[in-house]
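Good morning, and thank you for joining this group meeting. I would like to present one structure and its strands.

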Amino acid sequence: PKSKNPNIPPLLCDFRIDPNPARDFFVISASNNDKQVRQVKIFNELGQLIISSDVSHWKENPFYFEHQFNTLPSGTYLFGLYREDETKFKKLVIAK
């Protein structure tokens, strides 16, 4: 197999959620040098959309998203990062 070109930036799937489990805030950091992140969405355990943010105007590189939450109860959430041609999801646990 061909070796990976070190000059090609990593895909969005390298994004991290810190801290996780989270208590009152979390930070998303991702490498999106090649494609712009368009939207950030958070779903609850029932699959209902509870937070949606259009971030297509952001120019941060690498991508960085910080969120404080006072209204979200403890539980497991699904966090989605949406790009033009790729969507990646990770679980986020909130433990208050």
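This is a predicted model: local features need pLDDT of at least 70, side-chain atom pairs count only at pLDDT 80 or more; totals for chains, interfaces and linings use all residues.

Let me begin with the open sheet. Three strands form it, in the order β1-β2-β5, and their pairing is antiparallel. β1, residues 16-18, and β5, residues 63-68, stand at the edges; each has a single partner strand, so one side of each is left without a neighbour in the sheet. On average, neighbouring strands here are turned by 15° against each other, direction ignored. Between β1 and β2, the latter covering residues 25-30, there are three bridges. Within this pair, D18 stands opposite V27 of β2.

I now turn to β6. How many of its nine residues are buried? The number is seven, so β6 is largely enclosed by the rest of the structure. β6 pairs with β3, residues 37-43, in the antiparallel sense over six bridges, and with β7 over eight bridges, again antiparallel. The residue F79 illustrates both pairings: in β3, I42 stands opposite F79, while in β7 the bridge partner of F79 is K90.

Finally, the connection between β6 and β7. A hairpin joins these strands through three residues. E86 is found in this loop, between β6 (75-83) and β7 (87-94). Is E86 buried or exposed? Its relative accessibility is 14%, and buried means under 20%, so E86 counts as buried. Its side chain also makes a polar contact, at 2.4 Å, with the side chain of R83.

Methods: Residues are numbered from 1 along each chain as its sequence is written. Side-chain values use heavy atoms; hydrogens and water are left out. Two strands pair if DSSP finds at least two bridges between them. Helices (H or I, at least four residues) and strands (E, at least two) are DSSP runs, numbered from the N terminus. Axes are lines fitted to C-alpha atoms, for helices over the stretch in contact, and angles run from 0 to 180 degrees between N-to-C directions. Buried means under 20% relative accessible area, exposed over 50%, partly exposed in between (1.4 Å probe, protein chains only). A polar contact is a pair of N or O atoms within 3.5 Å; within protein, one must be able to donate a hydrogen and the other to accept it, and residues adjacent in sequence count only if both atoms are side-chain atoms.
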